Amino acid sequence: HNRLRRRETGESFTTREREREREGRLVSAMGQSQTKVAGGIAGGGRGGGSDPPPCGYGAGSQASSSSNQPCPVDLGPSTSSSSSSSSSQAPPAVYNVYNQRIDAQGKQHKSEAEKRKESNFRSIWNLGWGGGSGAIDSKNNMPLEANQQPSVGQLKPLSVDREPSTIPKGGTESTWTYPSPQMFFNALNRKGKADGVDEEDMENVVFFHNGMNERTWEMVKRWEALHHAEYDEKNQPKLSRFLGRPHDLSPMARVRSLFYGDVPFDRHDWYVDRNGEEVRYVIDFYFDEEKAGTMEAFEVQARPALDSLTSCLDRVKMNIYVTCAQYGLPCPISGQPGHIGKEGANAGER
C-alpha cells in the first residue's frame with residue numbers, strides 16, 4: 001500500500017528503500033512457510049566416521065600419555081555396548097514433513113480421525129490441487145507427484161528442481177530433500193501467506209531457507225559431538241522429524257527480547273535420533289537488517305532442549321568449552337584446547 005501511495009503522489013523509492021522492502025518480504029516468507037512446506041526440509045548424508053572427542057584434535061592426534069587423553073566428561077557407553085544394545089532395540093520411527101509417523105508401527109495406531117483426515121487429503125488432491133495422479137507414497141504419506149504446477153494467478157514460471165541437503169533422515173538410509181521454488185511458492189499461496197512475495201523472490205527465499213537449515217545441522221552436530229562415544233561409523237546423528245513453532249517464544253528468546261528487544265522471526269523444534277534415543281533441539285532464527293542481502297543477516301541459535309539431565313549437563317559443558325576457547329584457555333579437565341569450544345566460539349554458541 002505504501003508503494004501505491006508513493007507512486008500516486010509521484011514519489012520515487014531510493015535504492016536502499018527497495019532493498020529493505022525486498023528483504024522484509026523474503027524474511028516474512030521464510031518465517032511463515034519454511035516449517036511445513038509440501039516438499040519439506042531435505043537432506044543428504046555426509047560421510048561416516050566418528051566425531052573427535054570434545055577436547056582433542058581427533059582420534060589421529062591422541063597419544064598414549066595421560067596429558068593427551070580426550071576430555072573424560074560424558075564419554076558415555078562404549079561403542080561395543082551401544083552396538084549390542086541397539087541391535088535389540090525396535091526400528092527407529094520414520095516421520096514425514098508434517099511430523100506424522102509413517103512407519104509400519106505408526107500406521108497400526110492410526111486413530112479414526114487421522115484416517116478421515118488422510119481420506120480427505122486424498123480427495124482434495126484428486127480434485128486437482130497437485131495436478132498429479134493422486135497416488136500416495138506409503139513411505140512418506142505424501143503424493144507420489146509433488147505439486148509442481150503453477151499456482152492460480154502466477155505470472156512467471158518457477159524452477160521445479162529440488163536440491164538435496166546434507167541432513168540424514170531418521171529411520172532411513174536417505175536424506176531430507178528441499179522444496180523447489182515452485183513448491184515453496186505453491187505452499188505460500190495455499191496457506192494465504194504469499195502477499196507481498198513475487199515470483200522473482202522465490203529463488204532467494206529457497207536459497208536462504210536451505211542455507212539456514214544447513215547451518216542449523218552443523219550446529220546440532222557440534223552438540224552431538226559431546227556424545228561421540230555413542231556413535232560409530234555406521235551410526236551417526238539423524239534428523240527424525242521437525243516441528244515449526246513460529247508463534248512460540250522459547251525461554252531463551254523471551255529473555256533476549258527483554259534485554260535486547262529483538263525476537264526471532266521463526267522457531268523450530270528438531271528431533272534428533274541419537275543412537276535410538278530421540279533428543280529435542282530448540283532453534284531460533286533471527287534476522288539482522290544491517291546485514292540484509294547476505295547470509296550473515298540470518299542468525300541461528302540451536303541448543304538441546306532442557307528435557308533431561310543429560311541435556312542440562314550438555315549446556316553446562318558447552319558453555320565451559322566455548323568460554324575457555326574464547327579466552328584461549330585449554331579444557332579445564334584434559335588440559336587440551338578443544339575443537340568443539342573453538343567451533344562453538346566462532347559460531348557464537350553458548
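A residue counts as buried here when its relative accessible area is under 20%. The model you're looking at is a predicted one.

Let's start with the whole protein. It has 10 helices and eight strands, and buried residues make up 42% of its 350 residues. Take the contacts between residues at least 6 apart in sequence: 66% of them join residues at least 24 apart.

Now zoom in on strand 6, which spans residues 266–274. Nine of its nine residues are buried. In a regular strand, side chains alternate between the two faces of the sheet. In strand 6, both of those faces are covered. Asp-266, His-268, Trp-270, Val-272 and Arg-274 are buried on one side, while Arg-267, Asp-269, Tyr-271 and Asp-273 are buried on the other.

What does strand 6 pair with? Strand 5 (residues 238–244) runs antiparallel to strand 6, with six bridges joining the two. Strand 7 (residues 277–287) also pairs with strand 6 in the antiparallel sense, over nine bridges. Strands 6 and 7 form a hairpin with two residues between them, and Asn-275 in that turn has a positive phi of about 55 degrees.

Side chains of opposite charge can pair when their charged atoms come close. Both ends of this pair are buried: Asp-269 has 1% relative accessibility and Arg-267 has a relative accessible area of 6%. The two also belong to a network of salt bridges that links them with Arg-245, Asp-248, Arg-280 and Asp-307.

A search of the whole structure turns up 13 salt bridges. One of the others joins Asp-314 to Lys-317, with the closest N and O atoms 3.5 Å apart. These two sit three residues apart in helix 9 (residues 309–326), so about one helical turn separates them. Asp-314 is buried at 1%, and Lys-317 is buried too, at 11%. For another setting, look at Arg-256 and Asp-262, whose closest N and O atoms are 3.0 Å apart. Here Asp-262 is partly exposed, with a relative accessible area of 26%.

Notes
Residues are numbered from 1 along each chain as its sequence is written. This is a predicted model: local features need pLDDT of at least 70, side-chain atom pairs count only at pLDDT 80 or more; totals for chains, interfaces and linings use all residues. Side-chain values use heavy atoms; hydrogens and water are left out. Helices (H or I, at least four residues) and strands (E, at least two) are DSSP runs, numbered from the N terminus. Buried means under 20% relative accessible area, exposed over 50%, partly exposed in between (1.4 Å probe, protein chains only). Contact means heavy atoms within 4.5 Å. A salt bridge is a side-chain nitrogen of Lys or Arg within 4 Å of a carboxyl oxygen of Asp or Glu. Two strands pair if DSSP finds at least two bridges between them.
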